[in-house]
Amino acid sequence: MAHTSQIIDSALGAVGHTPLVRLDRIAKQEGLQCNLLGKVEYTSAGGSVKDRIAKRMVEEAEREGKLIPGHSVVIEPTSGNTGIGLAMACAIKGYSVIITMPNKMSLEKEAALRALGAEVVRTPTEAAWDSPESHIGVANRLQREIPGGIILDQYRNVNNPLAHEYTTGPEIVEAVVSTPSTEAHPSSGKVDVLIAGAGTGGTITGISRAIKKKHNKDCIVVGVDPKGSILAYPDSLNEDGAGGQYIVEGIGYDFVPDVLSRDPADVNEWLKTSDEESFAAVRLLMRHEGLLVGGSSGSALSGALRWLRSDKGRAIAQTKGANIVVVLPDGIRNYMSKPWFLKMALEAEPSPLAHRIADVLKTSKSDVQTNVDGLADGIASRTSAPDLENRPDAGDEVSK
């Protein structure tokens, strides 16, 4: 599970091999008897679960002769994390990169992409996926008109789910199987439930196949989809909030990618989540487990807790030794300037200790609390660009 103790040839050798962490404090607070486990993907070299597919898509394209050193230009429409993984891989291998990304996506993602040498093109968040103005439409235009342009296409590329079937899934299984059952931590020795958000759908599809094919065919796989997206199945689940905007990044779409299996044999159940419950779950993970995760990790956890409280999940929730794995896709690095995070981090109810500090320092000029609005305005004034409106906040966030 751990990275090798030997010298690795490049950062690509540090992709994956992420820890499976007990979320015991949250489990105790929620009254769960099962083992609640988080697959913490922000420890991967590029900071997210998408490092895995970026590495595999690039290496397989090279193997197939689709990428030509000194000629090929990798172009990819993305919500950010796949782009960062591709930019990292291409920086190492020497390919030029163009990333197209909706305005909604965070400034930190764009900064990371540009730091890795990628060119970044922003597109309207509200553009439908099949519009020529969408991040997909713009990427297709660039691919047609730029010599050497190639779209690896995470939405259709079979190496997306295969990356998870061959790495993420087996890592989860290995961690569960190799951890002995003890009196303090009883274990079934199996992955009993897997819960993950869906964006392209490659993560949940690939991990499900790895577990069900070779480990536990009876594993229950639960997909989490934000309200406003249409990925959940059956389609009737998507009626509440249909067409609405959501703030959480990296999951959900207004079309069903080819790499997502909606076959109930692969993904047994689906849940819809709201921004509010997702960000509340982020706070739980930070404050109780010390995990600095991003918003989609909160979506996965909030979905997991809701499923474990449901009629279908309640029995498993109270089964000692049952192993429930939640995929936590990325970290907070990409969202530090987002209003939802600043408010959560800086506008929390003052603790008794904060009151005591304020009392001690009441004659001092030191501040116990930060003015979050002033901080957000300061970030905006330093990062705004005349040709891009509403940075770092996208238009669909302004009213939130």
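Biologist: How do I read accessibility here: does Asp 235 count as buried, partly exposed or exposed?

Modeller: Asp 235 counts as partly exposed, with 47% relative accessibility. Buried is under 20% relative accessible area, exposed is over 50%, and partly exposed lies in between (1.4 Å probe, protein chains only). Keep in mind that this is a predicted model, where local features need pLDDT of at least 70 and side-chain atom pairs count only at pLDDT 80 or more, while totals for chains, interfaces and linings use all residues. Residues are numbered from 1 along each chain as its sequence is written, and side-chain values use heavy atoms, with hydrogens and water left out.

Biologist: Okay, salt bridges next. Which residue does Arg 262 pair with?

Modeller: A salt bridge needs a side-chain nitrogen of Lys or Arg within 4 Å of a carboxyl oxygen of Asp or Glu. Arg 262 makes one with Asp 235, and their closest N and O atoms are 2.6 Å apart. Both partners sit in the loop between strand 8 and strand 9, so the bridge ties together parts 27 residues apart in sequence. Strands (E, at least two residues) and helices (H or I, at least four) are DSSP runs, numbered from the N terminus.

Biologist: How many salt bridges turn up in the whole structure?

Modeller: The search finds 26. One of them joins Arg 156 to Asp 258, with 3.6 Å between the closest N and O atoms. Arg 156 is in the loop between strand 6 (149-151) and helix 6 (159-178), and Asp 258 is in the loop between strand 8 (220-226) and strand 9, so this pair links parts 102 residues apart in sequence. Arg 156 is exposed at 53%, and Asp 258 is exposed too, at 57%.

Biologist: What about a bridge inside a helix? Where do Arg 356 and Asp 359 lie?

Modeller: An α-helix has 3.6 residues a turn, so residues three or four places apart point the same way. Here, Arg 356 and Asp 359 both belong to helix 12, 3 residues apart, which is about one turn. Their side chains meet in a salt bridge (3.1 Å, N to O). Arg 356 is partly exposed at 49%, and Asp 359 is partly exposed at 38%. Elsewhere, bridges with shared partners join Lys 39, Glu 41, Arg 52 and Glu 171 into one network.

Biologist: Which residues form the nonpolar surface patch?

Modeller: A patch uses residues with over 30% relative accessible area and no salt bridge; nonpolar side chains (Val, Leu, Ile, Met, Phe, Trp, Tyr) are joined within 5 Å, like charges within 9 Å. This one is Leu 353, Ile 357, Val 360 and Leu 361, together about 340 Å² of accessible area (Shrake-Rupley, 1.4 Å probe, only the protein chains shown counting as cover for residues). Leu 353 lies in helix 12 (residues 352-360) and is exposed at 58%.

Biologist: And the inside? Which residues touch the most other members of the largest nonpolar core?

Modeller: A core is a set of buried Ala, Val, Leu, Ile, Met, Phe, Trp, Tyr and Cys residues joined through side-chain atoms within 4.5 Å. In the largest, with 38 residues, they are Leu 32, Leu 36, Leu 285, Ile 324 and Trp 340. A second, separate core has 27 residues, including Leu 67, Met 88, Met 105 and Leu 152.

Biologist: Is Thr 273 buried or exposed?

Modeller: Buried, at 1% relative accessibility. Thr 273 belongs to strand 9 (residues 269-273). Leaving out residues up to four places away in sequence, its contacts include Asp 225, Lys 227, Ser 299 and Arg 306; contact means heavy atoms within 4.5 Å.
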